[in-house]
Amino acid sequence: MPDDSRGAQLIGRFGQLVDDQIEKNPLRARRMLLAAFKAERLRTRVLPHRELLPSGRLDNRLTLEGVVGALEHPDQMVLTSMFMPSEIFHAMGLYPVIAEAIGDFFSGAQAEQGFVTAAEERSIPESYCSYHKVLVGATAAGVIAAPRLIANCSVACDANNLTFKWLARRLGAPHVYVDVPYDPSEDAVAYVADELRELASQAQDVFRRTLDEDALRACVGRSLRALDVMEKSLPLRRGRAMQTSMTIEMMRSCSMHMLLGTPQVDALMDMVQAEIPAQTHPFAGLNLLWCHSMPYFSVPLQKAVDHSPLAQVVTSEMCFDQWRPDGWRHGADEPYLAMAERLVYNSYNGPAERRVARLVDLAQKTHADGAVVFCHWGCKETLGASQLMKSALEEAGFPTLVLDGDGCARRNMPEGQVATRVQAFLEMLQSGRRS
């Protein structure tokens, strides 16, 4: 989407037109959004942003194609949660789509407020996660067609445990819920693997398709390779200009969840492996670790970290949550156990200390100058753990800014306060580096 003021005004008018149709004519609103997303998809193919690395350009296009595919083919869509393994769906040729991807793209069209309002008018609390309010509002109003299957897991928040059950009851859609034990163990992995086998069985019944186990093993193998490539990229990022943006970091987090296991993400990993040593240049600015979602539409933050010589996001937590410190125990030859292991040992599962440990690990591997803990609107888990994160990171030597805002809905993003606090934080980091 254009960043200039005229482009922003045009998108703002488009968003208002969509808002006006949500309740009056939801099918028209759907067609308008699809047309806009298809146009943006075409732009990413023929006029990609040249300031991005090749993997960043591909990330943008892949996530667009995933969302467009789901909206275009509701008969093949699975509405699912971000941390749910999607290899079963990809092996069956289906379109999994997550709340965060829908929220990001609807927000990119500046149409999020109408869907937030639609959800609140259906008794969803104002304090609820904005990503999930956009999903609820769009689905309940009929702008997103009712999916054939809803499948989610308990990781990692209250919204994941409420939204999908609410939608399943309202839409009368089949619903599979994967409960992930709080404490990691091999027994927990085996338990979740059985739940995933049941999910595969129900998906085959709903879509009347047979799951090819060889295709599933291939998907899981690609997933494990992607996680390995991303992990090995962390120390390579030190002192290199990653040529990224908050938008692309959010797209990468969607690729590493919703699209993980696909041949397209496998190609993306080929780019990641090759481009950091060959296509990045030395970076003398500040390197930031970002925790949680990214308000990519925030102009002050865009100026601070998007393609700036002064500061960059060297890595973002939501791309690196699937991690076991002592290495994975299960491979592609045990696909259900491998997917279950990723869920059980996810840094968002269990006590906050596990997530904190991963943040410190990411900061150390990338030699970050500091960290930003973004408390997204309605995310009680991040808000509740934010001071623990700050204390642990600072004890490990990484100054940390706790920032309140909204990664999806503009109305909850205090731009003036964000600009002041971020600028002061960057000045402090620069001063500390000089001394």
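In this predicted model, four cavities of 30 Å³ or more are counted. The largest cavity holds about 180 Å³ of space, and of the 19 residues that line the largest cavity, Ser55, Met242, Thr244, Glu249 and Arg252 are the closest to its centre. At least two residues of this lining are supplied by each of α3, α11 (246-255), α12 and β6. By residue class, the lining of the largest cavity divides into eleven nonpolar, four polar and four charged residues.

The second largest cavity has a volume of about 50 Å³, and its lining consists of Leu288, Trp290, Leu301, Ala304, Val305, Val372, Leu401, Leu403, Val422, Phe425 and Leu426. The elements β5, α13 (299-305), β8 and α17 (415-434) each supply at least two residues of the lining of the second largest cavity. The eleven lining residues of the second largest cavity are nonpolar, with no polar and no charged residue among them.

Two of the elements that line the largest cavity, α3 and α12, also pack against each other. In general, two packed helices are described by the angle between their axes and the distance between the axes. The axes of α3 (residues 54-72) and α12 (residues 263-279) come within 8 Å and cross at roughly 155 degrees. Because an angle over 145 degrees counts as roughly antiparallel, α3 and α12 are described as roughly antiparallel to each other. On the side of α3 the contact is made by Pro54, Ser55, Leu58, Asp59 and Leu62, while α12 contributes Gln264, Val265, Ala267, Leu268, Met271, Val272, Glu275 and Gln279. The residues of this contact divide into eight nonpolar, three polar and two charged.

The residues of the contact of α3 with α5 divide into six nonpolar, one polar and no charged.

Strands of a sheet pair through backbone hydrogen bonds, either parallel or antiparallel. The sheet in question is an open one of four strands in the order β2-β1-β3-β4, with parallel pairing. At its edges stand β2 (95-98) and β4 (175-178), each with a single partner strand, so that one side of each is left without a neighbour in the sheet. From one strand to the next, the twist averages 25 degrees. Strand β3 (residues 149-153) is joined to β4 by four bridges, and the two strands run parallel; alanine 151 stands opposite valine 176 in β4. Helix α9 (residues 186-207) lies across β1, β3 and β4, and its direction makes an angle of about 170 degrees with that of β4.

Another open sheet is formed by four strands in the order β6-β5-β7-β8, and the pairing is parallel. The edge strands are β6 (311-316) and β8 (400-405), each of which pairs on one side only. Neighbouring strands of this sheet are turned by 30 degrees against each other on average when direction is ignored. Strand β7 (residues 370-376) pairs with β8 in the parallel sense over six bridges, and the bridge partner of cysteine 375 is aspartate 404 in β8. Helix α15 (residues 352-366) lies across β5 (286-291) and β6 and runs at about 160 degrees to β5, whereas helix α16 (residues 380-395) lies across β5, β7 and β8 and runs at about 175 degrees to β7.

The second largest pocket has a volume of about 580 Å³ and is lined by 36 residues, of which Ala156, Cys157, Tyr348, Cys379 and Glu381 lie nearest its centre. Two or more residues of this lining come from each of α7 (130-141), α8 (158-171), α15 and α16, and α8 gives the most, with five residues. The lining of the second largest pocket divides into 20 nonpolar, eleven polar and five charged residues.

Key
Residues numbered from 1 in each chain as written. Predicted model: local features only at pLDDT ≥ 70, side-chain atom pairs only at ≥ 80, totals over all residues. Heavy atoms only, no water. Pairing = 2+ DSSP bridges. Axes fitted to C-alpha atoms, helices over the stretch in contact; angles between N-to-C directions. Contact = heavy atoms within 4.5 Å. 1 Å grid on protein atoms, 1.4 Å probe; cavity = no way out; pocket = protein on both sides within 12 Å on 5 of 7 lines; lining within 4 Å. Points joined across faces, edges and corners; volume = space filled by probe spheres on them. Nonpolar A, V, L, I, M, F, W, Y, C, P; charged D, E, K, R; others polar. Parallel < 35°, antiparallel > 145°, perpendicular 65-115°, else oblique.
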